[in-house]
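Colleague: I would like a close look at a single part of this model. Please keep to what the coordinates give.

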Amino acid sequence: MSIVNVTDSAKEHMESVIAKEGTKYVKLSVKGGGCAGFEYDWSTISDAQEIQEGDEIIPTGDGNNFIIGSHSIMFMI
């Protein structure tokens, strides 16, 4: 079971970003900073070797994936 539920409209949006960028992955990382103490960093990655151990991988369809960085999971929960 995944730690987040990705809605159909969110999957569609991620699929369009993936297609536009020519990648296979959309990644969300939470970092210190920003007005509320955290900054949300969205990125695309094209190589599975960029996936870190402990990252949460959520399939979005067509072999593409939404990834939550391992250090960001506790903030997402």
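Which residues of H1 are buried?

Modeller: This is a predicted model, in which local features need pLDDT of at least 70, side-chain atom pairs count only at pLDDT 80 or more, and totals for chains, interfaces and linings use all residues. Residues are numbered from 1 along each chain as its sequence is written, and side-chain values use heavy atoms, with hydrogens and water left out.

The buried residues of H1 are Met14, Glu15 and Ile18 (buried means under 20% relative accessible area, exposed over 50%, partly exposed in between, with a 1.4 Å probe and protein chains only). They lie on the same side of H1, because they cover an arc of only 105° around the axis, taken from the directions from the helix axis to the C-beta atoms. On the other side of H1, Ser9, Glu12, His13, Ala19 and Lys20 are exposed.

Helices (H or I, at least four residues) and strands (E, at least two) are DSSP runs, numbered from the N terminus. H1 covers residues 8–21, 14 residues, and reaches 20 Å from first to last C-alpha, close to the 20 Å expected (1.5 Å times one less than the number of residues). Gly22, with a positive phi near 70°, follows H1.

The cover over the buried residues of H1 includes strands S1 (25–32), S3 (56–61) and S4 (64–68), contact meaning heavy atoms within 4.5 Å. Met14 and Ile18 also belong to the largest nonpolar core, which has ten residues, including Val26, Leu28, Phe66 and Ile68 (a set of buried Ala, Val, Leu, Ile, Met, Phe, Trp, Tyr and Cys residues joined through side-chain atoms within 4.5 Å). H1, S1 and S4 each supply at least two residues of this core.
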